[in-house]
Amino acid sequence: MDICCGLTMVARLQSVYAEEDAVLIHDVPLLVCPTCHSSFIAPEIELDYLMFAHYCATDGVKAASLSHAIGEEKIFSILERYPEDLRCRKGVRVVSEQIDILLDLLNLAIQTKDAVWQEELKEKLQKMHSLLT
Ligand SMILES: [Zn+2]
């Protein structure tokens, strides 16, 4: 799932410490939500990342760049697929477009009388509202 807080997540390169293998892997594309800051390793390369970390550990390597294993092209294609959005460019965590999307969903939840969903959306709206500056 690459949608979070109503919008597509954004890819960022980060160094990730693979704890199990005790290896620091550089240039790992993560999908990050600029609103709630949740993040995970891009699913497209997660297996590559895990295997690379394992190989590094086997070879006694303590730090390495993922681009050596899978190539820069694959990494760039992920960055291209999840480009920086308005939130990144403006340096804000919430844009009004997100509130609009959530309000539309809330209307739908009310129409379908889905009480649980309504509560979830209201909570999210409140959280986002507190992040709006
Ligand atoms: Zn989020």
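Analyst: Apart from neighbours within four places in sequence, D85 is in contact with L7, T8, V10 and P34 (contact means heavy atoms within 4.5 Å). This is a predicted model, in which local features need pLDDT of at least 70 and side-chain atom pairs count only at pLDDT 80 or more, while totals for chains, interfaces and linings use all residues. Residues are numbered from 1 along each chain as its sequence is written, and side-chain values use heavy atoms, with hydrogens and water left out.

D85 sits in the loop between helix 3 and helix 4 (86–90) (helices are DSSP runs of H or I with at least four residues, strands are E runs of at least two, and both are numbered from the N terminus). With a relative accessible area of 16%, D85 is buried (under 20% is buried, over 50% exposed and in between partly exposed, with a 1.4 Å probe and protein chains only).

Helix 3 (residues 72–81) packs with helix 1 (residues 43–59): their axes come within 10 Å and cross at roughly 150° (axes are lines fitted to C-alpha atoms over the stretch in contact, with angles from 0 to 180 degrees between N-to-C directions). Helix 1 and helix 3 are therefore roughly antiparallel, the term for angles over 145 degrees. Helix 1 brings E44, I45 and D48 to the contact, and helix 3 brings K74, I78 and R81. By type, these residues divide into 2 nonpolar, no polar and 4 charged (Asp, Glu, Lys and Arg count as charged; Ala, Val, Leu, Ile, Met, Phe, Trp, Tyr, Cys and Pro as nonpolar; the others, Gly among them, as polar).

I45 is also one of the residues with the most contacts inside the largest nonpolar core, along with I25, V28, Y49 and L66; this core has 34 residues (such a core is a set of buried Ala, Val, Leu, Ile, Met, Phe, Trp, Tyr and Cys residues joined through side-chain atoms within 4.5 Å). Among the elements that each supply at least two of its residues are helix 1, helix 3 and helix 5 (96–111). Strand 4 gives the most, with 6 residues. Not counting residues up to four places away in sequence, I25 touches Q14, S15, V16, Y49, F52, A53, C56, A64 and L66.

Helix 5 also holds A109, which is buried with a relative accessible area of 0%. Beyond four places in sequence, A109 is in contact with D114, W117, Q118 and L121. A109 and L121 are 12 residues apart in sequence and 8.6 Å apart in space, C-alpha to C-alpha.

Note on methods
Parallel < 35°, antiparallel > 145°, perpendicular 65-115°, else oblique.
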